[in-house]
Amino acid sequence: MVELKSAREIEIMRRAGRVVAEALSATSAAAKPGVSLLELDEIAREVLAKHGANSSFLGYHPHFASTPYPAVICASVNEVVVHGIPDGYRLREGDLLSIDFGAELDGYHADAAITVGVGEITAEDRRLLETTERALQAGISAARPGNKLGDIGAAVSEVARRAGYGMPRDYGGHGIGRRMHEDPSVPNEGKAGRGLRLHPGLVIAIEPMLIAGGKDDCRLASDGWAVVTADGSRAAHFEHTVAITERGPRILTLP
Ligand code: MF3
Ligand code: CO
């Protein structure tokens, strides 16, 4: 069931979204060679504590996972697309790191992700990051009243496919509110003009995941969480929580 949010609920989600933006900015600033993924998780925990917010991820146990999620960030390095569990791995020059973070404040969630290069990265990796961010912006621009859900997926995939990248078939965005994952599911591929009509008050997370090798195939790592590219090529992931308003899309996870 798709629940529309009131202006009051969207303001609460905007406050949660500011906490998310702050955690992403603090962890990405700290993502230098030699820093471990667990150290980044600790930085994100401090941001939550400072704002009296709860993690959307810690202890989260969806049907697709064998164990509850054990951390407050997802830290997905290189060929890990999403849901990398932070461990003692120390970042190296040239790594691509996706940081995904969710916060709950006063009963409402916000969820966002960015991918950053560690130190110097190649021009090829930079193109992957820029294209994924552009796919997110295209999806956000399509998130306006009168459009359909399929317009978002069509906009995202148009950018990704034209650039020659793959996208995992079974993962995408989602409605968000009192729960982190709500209806509707927001696929990164779709037919323009098809699907659910987008009404003001609908709040969704839009999250393109692009695979450098151009194929869509992924596998689940042995930890039951991390999604890894089948060809071992690198991936990037960007996400914002977006409210559809009468005046168009409003990004809730900006600073
Ligand atoms: N943005 C990710 C998603 O919507 C967050 C996953 S959180 C986890 O799938 F707790 F499931 F890891
Ligand atoms: Co999400």
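## Conventions

Two strands are taken to pair if DSSP finds at least two bridges between them. Helices (H or I, at least four residues) and strands (E, at least two) are DSSP runs, numbered from the N terminus.

This is a predicted model, in which local features need pLDDT of at least 70 and side-chain atom pairs count only at pLDDT 80 or more, while totals for chains, interfaces and linings use all residues. Residues are numbered from 1 along each chain as its sequence is written, chains are lettered from A and ligands numbered from 1 in the order in which they are written, and side-chain values use heavy atoms, with hydrogens and water left out.

## Strands β6 and β7

Strands β6 and β7 pair in the antiparallel sense, over three bridges. H174 is buried, at a relative accessible area of 5%; buried means under 20% relative accessible area, exposed over 50% and partly exposed in between, with a 1.4 Å probe and protein chains only.

E239 is buried, with a relative accessible area of 1%.

## Strands β8, β13 and β14

Strand β13 has two antiparallel partners in this account. Four bridges join β8 to β13, with V203 opposite A243. Four bridges also join β13 to strand β14 (residues 248-251), and here T245 stands opposite G248. The link from β13 to β14 is a hairpin of two residues. Five of the six residues of β13 are buried, so this strand is largely enclosed by the rest of the structure.

## A salt-bridge network

The structure holds 12 salt bridges, a salt bridge being a side-chain nitrogen of Lys or Arg within 4 Å of a carboxyl oxygen of Asp or Glu. R161, R169, E189, D216 and D217 are linked in a network of such bridges. The side chains of E189 and R161 meet at 2.9 Å, N to O. E189 lies in the loop between β7 (182-186) and β8 (203-206) and R161 in helix α4 (residues 149-162), so the pair ties together parts that are 28 residues apart in sequence. Both are partly exposed, E189 at 38% relative accessible area and R161 at 30%.

R161 forms another salt bridge with D216, with the closest N and O atoms 2.9 Å apart. D216 is in the loop between β9 (209-211) and β10 (218-220), 55 residues from R161, and counts as buried at 15% relative accessibility. R169 pairs with D217, the closest N and O atoms being 3.6 Å apart. R169 lies in the loop between α4 and β6 (173-175) and D217 in the loop between β9 and β10, so this bridge ties together parts 48 residues apart in sequence. R169 is exposed at 57% relative accessibility, whereas D217 is partly exposed at 37%.

## Helix α4

Of the 14 residues of α4, 10 are buried, so the helix is largely enclosed by the rest of the structure. Among the buried residues are L149, I152, V156 and V159. At 1.5 Å a residue, α4 should span 20 Å, and its end C-alpha atoms are 20 Å apart, which agrees; the expected span is 1.5 Å times one less than the number of residues.

## Cysteines

The count of disulfides, defined as pairs of cysteine sulfur atoms within 2.5 Å, comes to zero. The sulfur of C74 is 15 Å from the closest cysteine sulfur, in C218, which is too far for a bond. C74 is buried at 4% relative accessible area, while C218 is partly exposed at 28%.
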